[in-house]
Amino acid sequence: MLQASDNKIHVANNLMDMDQDPRKRLYFSDGRRKVDYVLFYHSRKRSSVRGSPSQHRLSIISNGSYPLGVDEKDPEGGKGEPAGVVLDIGPTDPGDGEKIMIREEFEGNLKDAGLEIEHDKETNFHGDAFIRLHAPWQVLSREAEFLKIKVPTKKSYELREDTGLVATMNEVWRKINQPFQPKVPHQEQEHSRTKFLSHCFSRDKLHLYNIKSKDTFFDNATRSRIVYEILRRTACTRTCQTMGITTLIANGVYDSAFPLHDGDFRPTGQNEVKNDRQLLHDEWARYGAFYKYQPVDLIRRYFGEKIGLYFAWLGLYTQLLIPASVVGIIVFFYGWATVETNVPSQEMCDENQNFTMCPLCDRACDFWHLSTACGTARASHLFDNPATVFFAIFMSLWAAMFLEHWKRIQISLNYSWDLTGMEEEEEHPRPKYETLLLQKRQRKMKNTKNKNEPGNEKLTWRDRLPGYLINISSILFMFGVTCSAVFSVIIYRITISALMAMSPDPEVKSNVRVTVTATAVIINLVVILILDEIYGMVAAWLTELEIPKTETNFEERLILKAFLLKFMNAYAPIFYVAFFKGRFAGRPGDYVYVFNDYRMEECAPGGCLIELCIQLSIIMLGKQLIQNNIFEIGIPKLKKLCRTLKDKERGPKEVVEQPSRRQQWHLDYDLEPFEGLTPEYMEMIIQFGFVSLFVASFPLAPLFALLNNVIEIRLDAKKFVTELRRPDSIRAKDIGIWYNILSGLGKFSVIINAFVIAFTSDFIPRLVYQYMYSETGTMHGFINHTLSYFNVSNFKAGTVPSVSGLNKDITLCRYKDYREPPWSSEPYQFSKQYWSVLAARLCFVILFQNLVIAMSMLVAWVIPDVPKNISEQLKKEKTLLVDVFLNEEKEKLQLIQSLFSKDLTQEQQEELQISDQTSLPLQQTQTRPVPPAHAPASTAPRSRPRAASFSQFTRQMSMSPRSDITHHTAV
């Protein structure tokens, strides 16, 4: 405990010997008490002349490591305080005085709560200071009962074994999966057929639990969670009106607080038993273990339920991407195999058809033949074929099945992790909420006459109204920024296309569309990556303005804002290509212009679906490669490097110790702090959107997502095990608001895929032509059917090509649209075919949506949320627990009865002796009948001890004469 009196600060000399066992680095200096939590703060030195009268002095309490001289004894001669070494430490920052008093009160309150505290033995007061906390058994048992932590009991039962064909199939599947299972010792015990009943911990029922050692009964994650709960609710009311360690960290009293890792992740010896961190590193956090299942139970035991659920969800999502990838590959190869037999592609590539197309731009562009777009048409068929519709339906059902399967897995994990029946824990207010509430109370106390009036104030909508208004306006502004970025890229495409078309170089002219598309997509990707980082910071700032009361409310609001902004940012270019590009370009002779000079861009001759595929693939792969992998690897290393350089500048004279000789809390402090799971979930949710929303245009999206996730799992695992401080263990029953976002994306994907197939691809026009307009019932003549005629003489002045390279007089050109020919009574108006195709497209959207949604509901209904074996085991465990408690009560009752009867027997024997002595005079003066000879010997005196006992009692209490005794005895 820090003592701020007399300008001395007493710091316990408790640093351990550096040459001891590395496992002892997790303990106090006595080697017995485990370090459950660490608090850290840094004291700054004031720039002033040393040796001033106000100079502080540091008194180090010795625990025997340093011999103390005669002059170093306590001047007051106190017996309670050991002698100390007094060191001059120089003047401190003026602001540290108040923080010292706050820390003193806070640590005193922690001691009152039962925690044990240890300080550094000779910490430099102007440097880093670590405070170690230990929770003894009394505190652990008390808090475990308050938190209703479930622990295994001694009562166990055998799980029902499968028989017959099911057992054989399970055994075969177990043998097939054996090479993919991680080598974790605890996993073998957890998969055994013996199941121990679990019950909320209670100090009155310690005999029910299998407590082999009180030091190891609660694992490290549970111990740190208990200490963190105490830190969160401990208040400092004397020095400042704050509650909890989060507020103190926000106010700069402490710099950080974190639990310790279980030692180094690198094994120190060959015969040493690996700790959980080493097991996670060897069996999970290595790229060489990419083919193995994740040790989810070990992850949960080390990091807590919330992180365990994230990796379980990510593992299930990655596994279910395998069948989706296989189907996507089949669809792609089906398109590749049928491209040679595809009639529309053959007609586009047939030079004998000789379709002369209208110019793609004004003046500089020439007429061109449709056969020059043969490559685009063939590539478009790879993704725009009848199998694409099947794949879109399959992926919609896949999304529904994924969500239903996750609900089953989640309930199974809740059962195995003893989370069933878990109640919502009361959360403490956030630091900013407390600060603003305190300011409101102070303002109210100044305005009211009664200063002692208790304050029940809370922040109302009036207090939050400015934040709400800024939120709405800022989000609308960010949407405008995203749309402006997309529009800027559109302008870039239009202008670059026009400039390249004016080039005299024929090679440049021939590669206009490829060059413009590729460079525009790359620009889109860079803009998306930049805006993603900006939107993440903006979302956090906007959420702070709303002043959420608890961390859960803050996290949910932050997730919603960040998702809306990042979703809009990532998908705006894709939505433009899918649903807007080429639909407002106009027609020859009546084009739509931008800035009165540049024509709106049109889709490629093969349709917009191939451009949508290119856009989606580059943005998806670019985000995964750059943002999800390179940023995740590079940014933490840069942050660590900057922090190391900053620490060196802050204390350049300090000698850096070897890592092998440093304590675990020093090593953990050098790691990056854990900042939550929101970025991890966000990148996977955006990827889920790429996989499900526009999968009809890019069937290979699940394959690339699968390859990314295989790396992502190991990358996240390595980050959690080796590069981040150990997170606080947080209990959670589900993944929270992320499930609602996934469910919404799954339903939204049905609508998007329906519109992509109906309006972006040529699937519906082909069906309409084949079954309504084709004379032979085949696809022959489809290209000619989709091209309209335009009279060259109807071009506006100044838009006709200046030079034509086709060497022939052209009177008519073709363009892709359903319009009446120039010789019609209504030239260039939409034809009947256009309205037929539009009606078919709308009917398909309605039919597709209802069919897929009905099938998804059927899948959700067929697959039960709770697995049958889990529901049976829950019922069985409930029955067994009732039997255990009934037997316990019965044993207690029998024990009480046996003790009572034993005491009663001894009392009766004593009273019998007394009654025999008191009954001798009565036998001389009073006669009584002799019992029969056949009666048992015990029947005659059975009533006499009761009479004697009663007479003895009345004699002692009333002190009556002998005659009264004989009278009562006779009665």
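**Exercise 1.** Decide whether Cys-236 is buried or exposed in this predicted model.

*Solution.* The quantity to consult is the relative accessible area, which for Cys-236 comes to 1%. A residue counts as buried under 20%, and Cys-236 is therefore buried.

**Exercise 2.** Determine how many disulfides the structure holds, and state how the bonded cysteines of the chain are paired in sequence order.

*Solution.* The structure holds four disulfides. When the bonded cysteines are numbered along the sequence, the pairing reads 1-5, 2-8, 3-4, 6-7.

**Exercise 3.** For the disulfide between Cys-349 and Cys-374, find its handedness and the elements that it links.

*Solution.* Begin with the bond itself, in which the sulfur atoms of Cys-349 and Cys-374 lie 1.9 Å apart. The torsion about this S-S bond is about 90°, so the disulfide is right-handed. Turning to the chain, Cys-349 belongs to helix α10 (residues 343-349) and Cys-374 to helix α11 (residues 374-381), so that the pair, 25 residues apart, links distant parts of the chain. As for accessibility, Cys-349 has a relative accessible area of 23% and is partly exposed.

**Exercise 4.** Describe the disulfide of Cys-361 and Cys-365, then that of Cys-603 and Cys-608, with regard to handedness and burial.

*Solution.* In the disulfide of Cys-361 and Cys-365 the sulfur atoms are 1.6 Å apart, and with 95° about the S-S bond the link is right-handed. Both Cys-361 and Cys-365 are buried. In the disulfide of Cys-603 and Cys-608 the S to S distance is 1.3 Å, while the torsion of about -55° makes this disulfide left-handed. Here Cys-603, at a relative accessible area of 23%, is partly exposed, whereas Cys-608, at 5%, is buried.

**Exercise 5.** Work out the strand order of the four-stranded open sheet, identify its edge strands, and say which helices pack on the sheet.

*Solution.* The four strands follow the order β5-β6-β2-β11, with antiparallel pairing. The edges are β5 (116-119) and β11 (256-258), each of which pairs on one side only. Neighbouring strands of this sheet are turned against each other by 20° on average, direction ignored. Strand β2 (residues 37-42) pairs with β11 over three antiparallel bridges, and Leu-39 stands opposite Ala-257 in β11. Among the helices, α1 (residues 96-112) lies across β2, β5 and β6 (128-134), and runs at about 140° to β5. Helix α5 (residues 220-233) also packs on the sheet, where it touches β2 and β6, and its direction makes about 50° with that of β2.

Conventions: Residues numbered from 1 in each chain as written. Predicted model: local features only at pLDDT ≥ 70, side-chain atom pairs only at ≥ 80, totals over all residues. Heavy atoms only, no water. Disulfide = S-S within 2.5 Å. Helix = DSSP H or I, 4+ residues; strand = E, 2+ residues; numbered from the N terminus. Buried < 20%, exposed > 50% of the residue type's maximum accessible area, 1.4 Å probe, protein only. Pairing = 2+ DSSP bridges. Axes fitted to C-alpha atoms, helices over the stretch in contact; angles between N-to-C directions. Contact = heavy atoms within 4.5 Å.
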